[in-house]
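Work through the exercises below with the sequence and the structure in view. Try each task before reading its solution.

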Amino acid sequence: MRKTALITGVTGQDGSYLAELLLGKGYTVHGIVRRSSTFNTERIDHIYQGPQDAGRTFVLHHADLTDGVALVNLLRDLQPDEIYNLGAQSHVRVSFDAPLYTGDVTGLSALRLLEAVRASGTRARVYQASSSEMFGSAPPPQNEHTPFHPRSPYGCAKVFGYWATVNYREAYGIHAVNGILFNHESPRRGETFVTRKITRAVARIKAGLQDRLYLGNLDAVRDWGYAPEYVEAMWRMLQRDEPDDYVVATGEAATVRQFAEIAFAHADLDWTAHVRYDPKYERPTEVDALIGDPGKARDLLGWQPRVRVAELAGIMVEADIRQLDDQLAGATVRIDR
Ligand code: NAP
Ligand code: GDD
């Protein structure tokens with residue numbers, strides 16, 4: 001029997017990789033797309049199947065995570081085997097500018113979706129995209145037993161989603177899991193997250209289109225992994241008979257400064273000649289250091305990261321250089337696969 005999955009946030013970085021992974025495993029994949037006045041499906045255009053395609057296995061639905069009734073109706077119709085809740089206002093800095101909105105979309109929507117599962121009578125397994133941001137100021141290394149101390153409205157919203165997931169598992173026996181994922185990046189990373197901001201700037205500086213890159217806190221420490229590997233961990237979590245929560249990380253760390261240095265060096269550039277400080281990119285409260293302990297995921301899921309930060313920076317710089325070359329050549333912009 002072909003399995004059916006529903007992905008919220010299918011147009012995002014992780015949603016696009018997860019959709020590819022599940023299609024490759026023979027799933028029928030449904031995705032929720034927000035209505036937008038411009039196209040917002042660039043990351044999934046290469047796997048799009050139109051309504052006229054016979055036997056299509058990838059189906060998009062207009063819906064919004066804030067519309068609980070739409071979620072109930074969709075789940076009642078689809079009765080998916082697996083639900084991956086990846087949709088969120090996922091930018092930490094932006095969550096300080098739009099805290100209530102972030103609380104609604106990123107936090108309350110996790111509960112909305114769980115209620116929709118109950119209301120629709122769906123027997124689906126549910127994956128909740130929890131985050132290392134929940135650890136906030138708790139010192140590293142962080143694992144599944146580390147207490148949460150979030151440092152942003154985004155982090156607070158994710159803590160709410162985490163506990164809603166645990167509560168629905170305990171209260172109603174829903175097969176719901178939290179993946180506590182540390183930062184993961186790729187050529188499809190949103191352009192305003194720091195790694196992609198850096199690698200895009202490297203490509204533009206190399207091409208002579210830009211000279212300066214303005215960044216905020218260079219001392220922040222992050223555990224950066226490769227997004228396509230992390231969506232595999234999500235899938236593995238839902239294949240376990242017992243629902244549980246897992247940290248997914250590389251266990252290795254670098255500062256923002258080190259990432260910039262590696263990325264610029266990959267294009268034979270000296271980062272000190274181009275990077276400048278702008279306090280605009282500081283946050284009212286910062287998360288100083290996130291370094292995950294992925295031991296449980298390794299032991300129980302058989303999951304291990306392969307790509308480390310230096311290789312990751314290289315993958316992203318090369319993809320941004322290729323994409324810019326295409327743009328400058330007037331060709332159709334290609335998304336790196
Ligand atoms: P992303 O690229 O920002 O994608 C977020 C997705 O959520 C997009 O598809 C976005 O749609 C959708 N979305 C936003 N608001 C929505 C709404 N009201 N209704 C329906 N969909 C909505 O994020 P990502 O990096 O793929 O991350 C996926 C999930 O993992 C997020 O929940 C994020 O918070 C979490 N997470 C990410 C990381 C990481 O390092 N990447 C680490 C830990 C946890 P549009 O395309 O229309 O904006
Ligand atoms: N975005 C950004 N832009 N960050 C900067 C900049 C800048 O110009 N300069 C320095 N930074 C620092 C931030 O202050 C932060 O300490 C670090 O770079 C990483 O910032 P982001 O790339 O925006 O990621 P994040 O760690 O805040 O959040 C990401 O990872 C979380 C998991 O830990 C997001 O993907 C979240 O959705 C995710 O949950």
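Predicted model: local features only at pLDDT ≥ 70, side-chain atom pairs only at ≥ 80, totals over all residues.

**Exercise 1. The surroundings of ligand 1**

Task: State how many residues surround ligand 1 and which are the closest.

Solution: The count is 24 residues, with Thr11, Asp14, Arg34, Ser90 and Tyr154 the closest. Now go through some polar contacts. The side chain of Thr11 has an N or O atom 2.6 Å from an oxygen atom of ligand 1. Gln13 takes part through its backbone, with a polar atom 3.0 Å from an oxygen atom of the ligand. For Asn40, a polar side-chain atom is 3.3 Å from an oxygen atom of ligand 1.

**Exercise 2. Helices H4 and H5**

Task: Decide whether H4 is roughly parallel or roughly antiparallel to H5.

Solution: Locate H4 at residues 99-120 and H5 at residues 153-172; they pack at an angle of about 15°, and their axes are 8 Å apart. Angles under 35 degrees count as roughly parallel, so H4 is roughly parallel to H5. The crossing of the two helices is right-handed. Residues of H4 in the contact include Pro99, Leu108 and Arg118, and those of H5 include Tyr154, Phe160 and Tyr172. Sorted by class, the contact has 12 nonpolar, 6 polar and 3 charged residues.

**Exercise 3. Helices H6 and H8**

Task: Find the angle at which H6 and H8 pack, and classify it.

Solution: H6 covers residues 194-206 and H8 covers residues 256-266; the angle between them is about 30°, with the axes 10 Å apart. With the limit of 35 degrees for this class, H6 is therefore roughly parallel to H8. H6 and H8 cross in a right-handed sense. On the H6 side the contact is made by Val194, Thr195, Ile198, Thr199, Val202 and Ile205, and on the H8 side by Val256, Phe259, Ala260, Ala263 and Phe264. Of these residues, 9 are nonpolar, 2 are polar and none is charged.

Notes:
Residues numbered from 1 in each chain as written. Chains lettered and ligands numbered in written order. Heavy atoms only, no water. Axes fitted to C-alpha atoms, helices over the stretch in contact; angles between N-to-C directions. Helix = DSSP H or I, 4+ residues; strand = E, 2+ residues; numbered from the N terminus. Parallel < 35°, antiparallel > 145°, perpendicular 65-115°, else oblique. Left-handed = near helix turned anticlockwise from the far one by under 90°. Contact = heavy atoms within 4.5 Å. Nonpolar A, V, L, I, M, F, W, Y, C, P; charged D, E, K, R; others polar. Near = heavy atom within 4 Å. Polar contact = N/O pair within 3.5 Å; in protein donor to acceptor, adjacent residues only side chain to side chain.
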